[in-house]
Amino acid sequence: MPSKITLTITQGKLSRQQYVFESRSTCIVGRNDDCNLQIADKVDMTISRYHCLLDINPPDIRVRDLGSLNGTFVNGKNIGQRQKQQLAKEAIKLNFPEYNLQDGDEIKLGDILFKIGVQVEEQLNKIPDLPVQEENAKIKFLTITKKLLNLAQDGNVSLQSISGYNLIKSLGKGDFGEVFLAKHIQTKRSIAIKIMLPAVATQKQGIEMFLRETENIKILQHPHIVQLLDYGFVENTFFFTMEYFSGGNVWDLMQRSGWRLPIDIAVDVTLQVLDGLIYAHEVEISNIKSVNGIITKGKGLVHQDLKPNNIFISKINDKLVIKIGDYGLSKAFDLAGLSGQTLTGTKMMGTPAFMPRQQVLNFKDELPEIDVWATAACLYNMLTGYFPRDFTGDPWLSVLQNNPVPILQRHHGIPQKLAKVIDLALQEKPQIYFQTAAEFKQALLDCM
């Protein structure tokens, strides 16, 4: 039986109501009708519109107050509350710490009392001896990668795709992985090898889920999506081989260009990204596992972490060619519970600057329009050097409450027609304006 989190209301008008979470999720609790858990009506002022955030990665759960008027209490202790004289809009500037919750803990909001239930998957169902989060900083990714290459040379069947390659240099490192440039000894072909390590002794179910999701990603074959060549789980380590591009990414290009790109380049980059999304959002996939364990077919894969850092650049016949990288990998890794952290930890899944409010409110729902909004946010960023919305404190509350700033307020030199299309693309209330990548692409072509 998998790990799960149960929230049971034991006090208040919703007493005995129960909510069960068996997979990675976030929960905004409050009285607003778009909250995941709406526990009060509009007139109940004891609960704030966005009261607190529950970040769930079974068996882990954290809570964070979002600048509520009457506070969030854990086992009777107030963990966050704006001052009485502060308005709700001023709460955005506050940033309260998170609290890890345990089985039996109680959360109180107004007159509502939640009791936390934590069920942990039995030890027999876990993969042993995975590196723990506290040791993560000591992990030598280079050493691990060399070990995998040696195993490949020794004939390990699972590592055939990296047999015959030499490491050249590191291309970038994060908390849970590193990417290396490698070159084949005989053919001189260059590839990128990505190493990812679970930070916790995770559940076998999470590893199986991640590998299944990665198999879906591997089917993506498009001129504007980085091709995933191979993947596997060996020596408690996930490895991936993928296309390598020497031009870096859009974020690097922005740094070299004073943080603003010319309009023609920024729009060209965006149109190529949208072409990749049009394909990925409609591609047929056949490796979807339903709740009852049946493998079914489906359509469309959503990136959910699109930002300038994973839009890669190459040149073919002197033409700028754009490729979307890390398609779905970070999302799959995090959703499978392999990161060992919750969304709101020090290293969060996704980037709030490029996330629409719908993604915070519906973390698990893979909505294509989320990628469309993120693409518009990247275009905004490329043209102005600014993020679409202001971040003044709690990033998640800023996403929920701060509307994107009209782009002409950031940069007066953008043509009116283009500015109008970008502002429309960043509309997110009551829904994201452009629901498909094709709609946004056509609007850009029309205005240019």
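Trainee: In which loop does proline 430 lie?

Mentor: Some conventions come before the case. This is a predicted model, in which local features need pLDDT of at least 70 and side-chain atom pairs count only at pLDDT 80 or more, whereas totals for chains, interfaces and linings use all residues. Residues are numbered from 1 along each chain as its sequence is written, and side-chain values use heavy atoms, with hydrogens and water left out. Helices (H or I, at least four residues) and strands (E, at least two) are DSSP runs, numbered from the N terminus. Proline 430 lies in the loop between helix H9 (416-425) and helix H10 (437-447).

Trainee: Which peptide bonds are cis, and what is omega there?

Mentor: Most peptide bonds are trans, and most residues other than glycine have a negative phi. Here, the bond from lysine 429 to proline 430 is cis, with omega near 0°. Another cis bond joins proline 58 and proline 59, with omega about 10°. Proline 59 is placed in the loop between strand S5 (52-57) and strand S6 (60-65).

Trainee: What is phi of glutamine 304, and is this residue buried or exposed?

Mentor: Buried means under 20% relative accessible area, exposed over 50%, and partly exposed in between (1.4 Å probe, protein chains only). Glutamine 304 has a positive phi, near 70°, and it counts as buried because its relative accessibility is 2%. Its place is in the loop between strand S18 (295-299) and strand S19 (311-316). Aspartate 326 also has a positive phi, near 50°, but this residue is partly exposed at 22%. Aspartate 326 is found in the loop between strand S20 (319-324) and helix H5 (329-335).

Trainee: How many aromatic pairs does a search of the whole structure find?

Mentor: Rings of Phe, Tyr and Trp (its six-membered ring) pair if their centres lie within 6.5 Å; planes under 30 degrees apart count as stacked, over 60 as edge-to-face and the rest as tilted. The search finds five pairs. In the pair of tyrosine 433 and phenylalanine 434, the ring centres are 4.9 Å apart and the planes stand at 90°, so the pair is edge-to-face. Tyr433 and Phe434 form one aromatic cluster with Phe440. Tyrosine 433 is partly exposed, at 39% relative accessibility, whereas phenylalanine 434 is buried, at 8%.

Trainee: Which residues does threonine 241 touch?

Mentor: Contact means heavy atoms within 4.5 Å. Not counting residues up to four places away in sequence, threonine 241 touches Ser161, Ile162, Ile191, Ala192, Ile193, Gln227, Leu228, Leu229 and Asp230. Threonine 241 is found in strand S16 (residues 237-243) and is buried, at 2% relative accessibility.
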